[in-house]
Amino acid sequence: MSTIRPAKISQVLPDSIAAEIGFEPGDAIVSINGTAPRDLIDYQFLCADEILDLEVLDLKGKTHQVEIEKDYDQDLGLEFESAFFDSLIQCNNRCPFCFIDQQPPGKRKSLYLKDDDYRLSFLYGSYLTLTNLSPKEWSRIQAMRLSPLYVSVHATEPDIRNRLLKNPRAGQILQQLEWFQEQRLQIHAQVVVCPGINDRDHLEKTILDLARFHQGEIPAVASIAVVPVGLTRFRPSEDELIPVTVEKAQEVIIQVQRLQKKFQQEKNATIVWLADEWFLIAGVDLPPESHYQDYPQIGNGVGSIRLFIREFEEKIQKRSVAKVSPPKIFSWVVGNTVEKAFTPLVNQLNKISGLTIQLQAMNSDYWGQDMTVTGLLTGEDLLHKLSEKDLGDGILLPTVMLKHGETCFLDDRTVEEVEEKLGVPIFLVENIDTLLNICFTESPAIKQEVI
């Protein structure tokens with residue numbers, strides 16, 4: 001059984017109850033009303049009460065009892081070092097397409113951590129397989145109404161899913177979906193298409209099986225995302241996997257769009273969605289923005305480009321900048337999958353007098369990919385692709401390439417190292433507002449804060 005550690009506080013929000021009481025970063029909550037919270041879910045549930053009795057451990061190791069009276073559901077204003085105060089649920093599947101197993105050895109330990117934790121799924125929308133849950137965890141999902149969860153399905157035929165996950169329990173997925181339906185709980189499903197294994201008729205059956213659970217006031221399967229498998233040069237040679245070709249992407253698009261029309265006619269719902277990557281690989285235009293409705297699978301890259309373009313258009317119109325002075329030249333680094341979609345945005349920026357944006361769209365030789373999403377570009381890729389180019393006044397670098405909250409790429413190179421070797425400033429771009437601020441501000445800070 002995992003040990004529950006005191007919940008260490010990383011930040012106390014200004015003007016909050018916790019700030020008024022005198023909590024400080026480094027303090028830790030041991031228990032709330034006599035119960036030790038095992039994670040952020042427990043903490044939020046326990047703190048919903050109007051009267052709280054907290055056992056708190058301060059930085060000096062001294063224990064305090066703190067009584068708080070507040071409004072029901074009023075937040076205390078605390079943030080924590082981790083969402084878990086016990087152990088992360090590890091993954092015991094051996095999916096051949098798992099990115100963890102497609103990395104070179106010797107990098108930071110966190111890159112090799114395999115989780116299959118329903119709490120990460122509920123809190124942050126990460127995907128789990130449901131194969132690593134104990135009866136106790138299933139009961140907790142039911143009791144606390146932890147919904148929706150995000151589930152990697154890949155196939156509904158037991159033999160195909162067992163083959164993909166390398167786990168004999170993987171074939172229980174349809175029974176597990178029936179459980180969600182009975183409990184009136186929801187999932188968002190993910191299907192990673194591996195050509196020759198779960199495509200064509202198998203993909204058709206998987207989507208149709210999942211769509212059966214999209215019914216009633218609370219459909220057990222709220223949405224389905226179909227995603228192409230991503231492969232690197234470090235993957236095991238015996239993994240059976242082959243990359244998605246242009247022809248395969250075109251085939252899957254036609255197949256899924258046919259099913260979308262069927263579901264629209266029969267259920268008045270789209271249900272299944274194609275990740276943007278399919279259209280980028282196939283070299284065809286993305287669907288219009290209206291197609292994506294409320295973006296139910298944005299975390300899988302379903303409509304993320306259309307959403308980015310819309311927000312870019314809205315924000316640049318509000319700026320109404322006619323001239324940038326003194327003139328600036330920036331190199332905007334992105335994965336080559338978005339080059340076609342982002343070129344009109346760059347052209348729009350370049351119409352502003354005094355501003356020049358050079359789109360540096362590249363693949364990743366580090367991972368051995370011809371087509372690469374922006375988030376997988378590494379420091380080594382930047383050094384290899386940009387070392388002999390005139391990069392102007394600096395590089396616009398999306399923070400999606402970096403470890404959250406830090407300046408470290410997936411290959412463990414740092415922004416500072418790349419900046420020094422290329423000899424130009426690197427401006428970290430966290431969102432569209434940051435991008436426009438850097439472009440239009442007279443003297444942007446060389447180091448933008450990473451959020």
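## Helix α10 against helix α14

In this predicted model, the axes of α10 (residues 304-319) and α14 (residues 432-440) come within 10 Å and cross at roughly 40°, where axes are lines fitted to C-alpha atoms over the stretch in contact and angles run from 0 to 180 degrees between N-to-C directions. The two helices α10 and α14 are therefore oblique to each other, since angles under 35 degrees count as roughly parallel, over 145 as roughly antiparallel, 65 to 115 as roughly perpendicular and the rest as oblique. Helices here are DSSP runs (H or I, at least four residues), and strands are runs of E of at least two, numbered from the N terminus.

α10 passes α14 in a right-handed crossing, a term used when the near helix is turned clockwise from the far one by less than a right angle. On the α10 side the contact (heavy atoms within 4.5 Å) involves Phe308, Glu311, Phe312, Lys315, Ile316 and Arg319, while α14 contributes Ile432, Asp433, Leu435, Leu436, Asn437 and Phe440. Sorted by class, these are 7 nonpolar, 1 polar and 4 charged residues, with Ala, Val, Leu, Ile, Met, Phe, Trp, Tyr, Cys and Pro counted as nonpolar, Asp, Glu, Lys and Arg as charged, and the others, Gly among them, as polar.

## Helix α10 against helix α11

The axes of α10 and α11 also come within 10 Å, and they cross at roughly 10°, which makes α10 roughly parallel to α11. In this contact, Ile305, Phe308, Ile309, Phe312, Glu313 and Ile316 of α10 meet Ala341, Phe342, Leu345, Gln348 and Leu349 of α11, and the residues divide into 9 nonpolar, 1 polar and 1 charged.

## The second largest pocket

The second largest pocket holds about 230 Å³ of space; a pocket is an open set of points on a 1 Å grid where a 1.4 Å probe fits, with protein on both sides within 12 Å along at least five of seven lines, and its lining residues have an atom within 4 Å of a point. The volume is the space filled by probe spheres set on the points. Of its 15 lining residues, Leu280, Asp285, Leu286, Lys340 and Ala341 are the closest to the centre.

Helices α9 (276-282), α10 and α11 (339-350) each supply at least two lining residues, and the largest share, 4 residues, comes from α11. The lining has 8 nonpolar, 3 polar and 4 charged residues.

## How to read the values

Residues are numbered from 1 along each chain as its sequence is written, and side-chain values use heavy atoms, leaving out hydrogens and water. Because the model is predicted, local features need pLDDT of at least 70 and side-chain atom pairs count only at pLDDT 80 or more, whereas totals for chains, interfaces and linings use all residues.
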